[in-house]
Every structure is written in C-alpha cells, then in structure tokens.
Amino acid sequence: MLQLAFYTFSALALFGALAVLFTRNVLYAAFFLLLTLLGVAGLFVLASADFLAVAQIMIYVGGVLVLVIFGVMLTHKPELPANTNSQQPNKIASLNRAGAQASWVVAILVAGCLFIALYTLLIRANFILLDRPVGWQSTVNTIGKQLMTEYVVPFEIAGILLLAALVGATYLASLQLKSSRHAGR
Amino acid sequence: MQAVDSQFFLFVGAALFSIGLAVVLLKRHAIVVLMGVELMLNAVNVNLVAFSQYDPDRLQGQMLALFVMVVAAAESAVALAIVLQVYRHFRTAQLDELNELKQ
C-alpha cells in the first residue's frame, strides 16, 4: 500500500516536471509545477517528514506558485501585429529552427549525462545509514526544539533575509521612474 | 519497518534535478527558467529528507530543507520582481531577446 502511494507520488512529481519541460505554454508550465510540488509533498510524508510536507504545501503552493502565476500573467505578451519598423534589429541565431534543435540536443545531452552519472553513483554507493531502522513519529516537536536551540541563529537570520527580500522585491517591482519613459515605445 | 527503500527517493531526486537542469538550459522564458530552479531545489530537498529519516533525534536534513525552502521563497520573490522590471523595460521576458544592455 505504501509502495503504491510512493510510486503514485513519484510518478506525479516526475510527470509534472517532464510536462514543465515539454509544454510550450508558460501558464500550463505553472500548473504542471503545481503537480510536481504536490507530488514532492507526498514524498515528504512517506519519508516521515510531516511538518515539511505541510510547509511545502503552504510555502510553495500557497506562496511561490501564486507569485509565479502572477508573474506569468503580468509578463504575458499577446502576439503583436507584424512590426513594420525598419529600425528593428534582426533576431539572433538561436531563434531559428536549427538553433532550437541544437539547444534541445545540448540540453538533453547534459541533463541525461548528469542523470546517468547520478544513477550509477547511487547504484554503486553503499550507504551504511540506509541499513538502520526507521521509526514513524511526528517531527513537529523535534523541529520546534531544534529551531529554538541548535538552529536559533539561522532561524533569526532567515527572518531578516525574508524581511529584506520582501522590502527589496516590493521596491524593485514598484520602481517606475526610469522605465516610464520607455514604456510607451 | 521500512515501507520504501530509501534509494528510490534518491533516484526520484536525481531525476527531478536532471529535469530541472534541462528546463533551465532549454527554456527561453525567464519565469520558466525560475520554475526550473525551483524544481532543482525541490530535488535537493527530497534527498535531504530521505536521509533525514534515519536521524530522528536531531533532524539535521529536515532543518536544512526548511531553510532551503525559505531561501527559495525569498529568491523567487526578488527574481520575479526583477523579471517584471525587465519586462517593463524591454517589453519581453524571452531571455534570448535581451541582447542589449541599454535601450
């Protein structure tokens, strides 16, 4: 039963990731990313990390993905009518068909080689840790204690980082001065 | 008791990381590249959590995964703000059309 759940969740995650890779629509990619994130959350539950699974759903699905969808909708460009302006520069070479094919080949080659290397590494590796017994228990208590004792400094630094990122992102996104002159082009 | 062999978690993590890398290398829209980065960070988190279940007293892997999530959230917020600004300036978010420093 747990095996079945594991295979379901990992298939969900991998399917979502492959769909992000192969789809052409940016909004569909965002929705397939949702599938992947949910699958990874399920994998977290199966690895007895219940707190992290809930945090994954709240942070990624509730926060990051909504932000990404906002970004997609704000930068969506409808197909412009043909631009007859003779000042337009030529498109660079990777936009034509041959360049696109070459970039596909290179990307698939690099990613495939990386996966094969990792796979053989994991097949050959003999982790002593993996022979130990595992127990199923809630991790919320332990994470709370660890955050307030051993990891209190990184915890506070993470708070400051989030504050700085929030202020910085708001400032960056609302900056209108320089670009308003070019916006009407 | 061991429901699923932990090596399968590592295989899923490796596959997710490779797909994320392919997305980053291949896609031309800036936001999809950001999605690829998120995929890679998720793959790393899967690995950390898979090892962390053998360490129930300190949970170091899960703590690191938690901080990775925090940094990923901050990163995506700032990156999307930058992409928005680039889009306002150049009227495009396709990375290979951004071939001028000043316009």
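I began with the annotation for chain B: the unreviewed UniProt entry marks residues 6–26, 31–51 and 63–84 of chain B as "transmembrane region". I note that the model I am reading is predicted.

I then looked at how two of these spans are built. Residues 31–51 of chain B are 100% helix and 0% strand, and I find their end C-alpha atoms 31 Å apart.

Next I turned to chain A. There the unreviewed UniProt entry gives "transmembrane region" at residues 29–47, 54–74, 104–130 and 151–173. I checked two of them. Residues 29–47 of chain A are 95% helix and 0% strand, and their end C-alpha atoms lie 27 Å apart. Residues 104–130 of chain A come out at 78% helix and 0% strand; from end to end I read 37 Å between C-alpha atoms.

My last look-up was where the chains touch. I find 66 residues of chain B in contact with 74 residues of chain A. Which helices of chain B each supply at least two residues of the side that touches chain A? I list helix H1 (6–26), helix H2 (30–52) and helix H3 (60–90) of chain B. The largest share of that side, 22 residues, comes from H3(B).

Conventions. Residues numbered from 1 in each chain as written. Chains lettered and ligands numbered in written order. Predicted model: local features only at pLDDT ≥ 70, side-chain atom pairs only at ≥ 80, totals over all residues. Contact = placed C-beta atoms within 7 Å. Helix = DSSP H or I, 4+ residues; strand = E, 2+ residues; numbered from the N terminus. UniProt positions renumbered as here; feature names shortened; annotations may be inferred.
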